[in-house]
Amino acid sequence: MQQRIEELDALRGLMLVWITLTHLPTVLSTYVNQPLGFFSAAEGFIFLSALFTGRIYFRIAERDGHGAMWRKLWMRTGKLYCYQLLLLGFAFMIEAPIAARGNTPAVHNLLDFYFAAGRTRAFIDAALMVYSPPLLDILPVYIFLLALTPFALMLGSRFGWKYALIGGFTLWMLAQFGFRSFVYHVEARAFGLQIPLNEMGAFDLWAWQLWWLVGLWLGVRWAKDAFRLDWVKQVTIPAAIVAGFFLVLRYAQIDGILTLGKSGLLLDKWDFGVGRIIDFTAVAVVAIRFRSALSPLAIRPLVTLGQSSLPVFCVHLLCVFFALTIMKNDSVIRDWKAIVVVIGSLSALLLTAKVATNWRAKAGGNRAPSSDLPTPPAGGYEPRLAVEKVA
């Protein structure tokens, strides 16, 4: 059985709780939406997923060959795609008929294109991942990124990661100047696309692929024991200043004291603006510097959630759809209903994680222990780092 890094699993579990509380239509959503600056749980979740993917699948390629790595990655991609189809089936076959009655406008708004295009066309477009309804638009991005991961790992292994990263950075730069819109109009003319761009998902894949590549690269370096963190101490103070600046800027925007105007594009979530990269990196540096103080926060429920992130993520979407359904014509769920929805949703996530953990334990009970990941010491995990001496 593979040994897990509990602090990172707990962090991923925290991201899942954060995403859930943000998506649930309660008064709490306002307070947990980007509370630490101009970044959300999506950045952290995607980055951690890429970090784990790069580390684990690089080791598989080293141990079993690139063929095994390709096969396992595409099997996982297929599994993700099946989860997406199940979620689409739930949205179109259960939620859509409820929304059609007219007393759940929030759900109806999420499925606007479904009602405009019709059931058959909407499902085909969604199955082809051309149509991505709100809330169901992050898994297609994850699927595309995971499907392209073998190519990135091969390119990095054979020619060096600088070419992959330069290519990813170039695409990210183009995305900041409307590359997605340009590609959409080219495809619309060439293939006769009849779906609005805004119905193809909020996340710009051309921009977010850079974040995935960076996570993969660091995961590979980690697998090679070349993931150095000795520089963190030297940049902690500048990082804290940067993180503090963005935090003040964020709350000045929330309070209406400051309007960002055109500069807000540098902090745009969907196009993954440069400001978000800087802010996330600064906060990450501070967190790494004081990780010993934060490690007690790696409580067992968060670890359990992080170890079963995919089914937990899918169940969180079901909880959000349920909340939007019972919300009916209200703008938000309040009072005792909000408390019940939040507690019920978090309980459902934890129950899902426990069931998934037990199922994995039973399925892997007869397997030989794997040496894919190192065994953490009894006193907690400290990743092995190749630390250079600073003169």
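**Entry 1**

I looked up Glu-43 and found it buried, because its relative accessibility is 0%. For this label I used under 20% relative accessible area for buried, over 50% for exposed and partly exposed in between, with a 1.4 Å probe and protein chains only. This is a predicted model, so I note that local features need pLDDT of at least 70, side-chain atom pairs count only at pLDDT 80 or more, and totals for chains, interfaces and linings use all residues. Residues are numbered from 1 along each chain as its sequence is written, and side-chain values use heavy atoms, with hydrogens and water left out.

Next I asked what Glu-43 meets. Its side chain forms a salt bridge with that of Arg-276, at 2.6 Å from N to O. Glu-43 sits in helix H3 and Arg-276 in helix H13 (residues 274-289), so this pair ties together parts that are 233 residues apart in sequence. I took helices as DSSP runs of H or I with at least four residues, and strands as runs of E with at least two, numbered from the N terminus. Arg-276 is buried as well, because its relative accessible area is 2%.

**Entry 2: Other salt bridges**

How many salt bridges does a search of the whole structure find? It finds 5. I counted a side-chain nitrogen of Lys or Arg within 4 Å of a carboxyl oxygen of Asp or Glu.

Asp-9 pairs with Arg-12, and their closest N and O atoms are 3.9 Å apart. The two are 3 residues apart in helix H1 (residues 6-23), so about one helical turn separates them. Both Asp-9 and Arg-12 are buried.

Arg-121 meets Asp-125 at 3.4 Å, N to O. These are 4 residues apart in helix H7 (residues 119-127), which means about one helical turn between them. Is Arg-121 buried or partly exposed? I noted Arg-121 as partly exposed, at 29% relative accessibility. Asp-125 is buried, with a relative accessible area of 14%.

**Entry 3: Cysteines**

I searched the whole structure for disulfides and got 0. The cut-off was a pair of cysteine sulfur atoms within 2.5 Å. Cys-319 is in no disulfide either; the nearest cysteine sulfur to it belongs to Cys-314, 11 Å away. Cys-314 is buried at 6% relative accessible area, and Cys-319 is buried at 11%.

**Entry 4: The cavity**

I found 1 cavity of 30 Å³ or more. A cavity here is a set of points, on a 1 Å grid over the protein atoms alone, where a 1.4 Å probe fits but cannot get out; lining residues have an atom within 4 Å of a point. The largest cavity holds about 50 Å³ of space. Its lining includes Tyr-57, His-66 and Leu-153. Helix H3 (41-64), helix H4 (66-99) and helix H8 (138-159) each give two or more residues to that lining. H3 gives the most, with 4 residues.

**Entry 5: A surface patch**

Last, I looked at the surface. Leu-36, Leu-247, Tyr-251 and Ile-254 form a nonpolar patch there, with about 330 Å² of accessible area together. Patch members have over 30% relative accessible area and no salt bridge; like charges are joined within 9 Å, and nonpolar side chains (Val, Leu, Ile, Met, Phe, Trp, Tyr) within 5 Å. Accessible areas come from the Shrake-Rupley method with a 1.4 Å probe, and for residues, only the protein chains shown count as cover. Tyr-251 lies in helix H12 (residues 232-254). Tyr-251 counts as partly exposed, because its relative accessibility is 35%.

Note on methods
On a 1 Å grid over the protein atoms alone, a cavity is a set of points where a 1.4 Å probe fits but cannot get out, and a pocket is an open set with protein on both sides within 12 Å along at least five of seven lines; lining residues have an atom within 4 Å of a point. Grid points are joined across faces, edges and corners, and a volume is the space filled by probe spheres set on the points.
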